[in-house]
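Here's a quick briefing for anyone meeting this structure for the first time. Have a look at it, then read on.

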Amino acid sequence: MRGMPPLNGPGAGSEPSGRSEALSGVFPVFQTPFRDDDSIDRDVLETEIRWMYGHGVDGIVMAMVSETLRLSSGERRLLAEMACEIGLPHGPVIISVGAESTKVAVDYALHAQSMGASAIMAIPPTTVPCLDDQLADYYRALLDSTELPLVVQDASGYVGRPMPIALQARLLHEYDRRVLFKPEAVPVGPRLTALREATGGRARVFEGSGGIALVDSYRRGIVGSMPGAEVCWAIVALWDALERGDEDRINAVNGPLTSLVSIQTGLDSFIAVEKHLLVRQGVFDTARVRGPVGFRLDRETTAEVDRLFDLLRAAVDT
């Protein structure tokens, strides 16, 4: 989808389903830059978003590794406004709106729509294992309150249990192509196939493994990937190789990419590695993360991240 024209707000495209069809390819989740006083650094955010689009990404996403759960409600709205203002002139912007209550999630969704977001994405509530009918109603409320496409994020790593395949298929049946999916429950590949088969191949899926499962997921029929921002250029190269069926290029890039991503075993490790590499590439001034955190890069891990990054850079540049 290189060179896709920007989607500038709720009026872009003829219908919401048409907008959902346009969402495909590489959609990195941006990291949020913080100043020393923990405020959001808009100038660095603009540098990051422009840098990503400069590497040929198809759109951007505000989501979990954007540290949304560590932001106040006001900051989440502010960050969504910044992302839309900076990103929409270049391509689609997806805003995550998941919250602990349906009311708050709907408020975030309406705000995202008012800012011109191209789509919304939502994880389930994280503090309670929702009953299936309650979870379905949560997603229905988001779809009924806006005209935007919705990416249903099965963030089982945070919620504690996978979202039922039948529930996801039912949402697609009820709302047609306005519903897309980002399955993260393991085993990723078999569950992706199960979703595909439960929906007769109609489910439009973004893989969310950071790229480690991209090759396998592509062959199971995904429409895109939502990695972190830090090596978006490598994901673009791999995605393009998959589209061309260039097996030599696929194997060359996939090896160091999966080794690098395998170091990132949880939300805090993803954020730490991603921000470290953004600093290394001159995109961020600091790798500051909002605390408290459960992971910090030590000297040896940093050296291994840098080694694998160099291998990946060489593979992509070859």
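Accessible areas here come from the Shrake-Rupley method with a 1.4 Å probe, and for residues only the protein chains shown count as cover. By that method, the protein chain exposes about 12,200 Å², with carbon and sulfur atoms supplying 52% of it. Keep in mind that this is a predicted model: local features need pLDDT of at least 70, side-chain atom pairs count only at pLDDT 80 or more, and totals for chains, interfaces and linings use all residues. Residues are numbered from 1 along each chain as its sequence is written, and side-chain values use heavy atoms, leaving out hydrogens and water.

**Overall build**
- You'll find 13 helices and eight strands in the protein chain; these are DSSP runs (helices H or I, at least four residues; strands E, at least two), numbered from the N terminus.
- The C-alpha atoms fill a box of roughly 50 × 45 × 40 Å, taken along the principal axes.

**Packing**
- Of the 318 residues in the protein chain, 58% are buried (under 20% relative accessible area, with exposed over 50% and partly exposed in between; 1.4 Å probe, protein chains only).
- Take the contacts (heavy atoms within 4.5 Å) between residues at least 6 apart in sequence: 74% of them join residues at least 24 apart.

**A look at N254**
- N254 sits in helix α11, which covers residues 247-262.
- N254 has a relative accessible area of 18%, so it's buried.
- Setting aside neighbours within four places in sequence, N254 is in contact with G211, V215 and L238.
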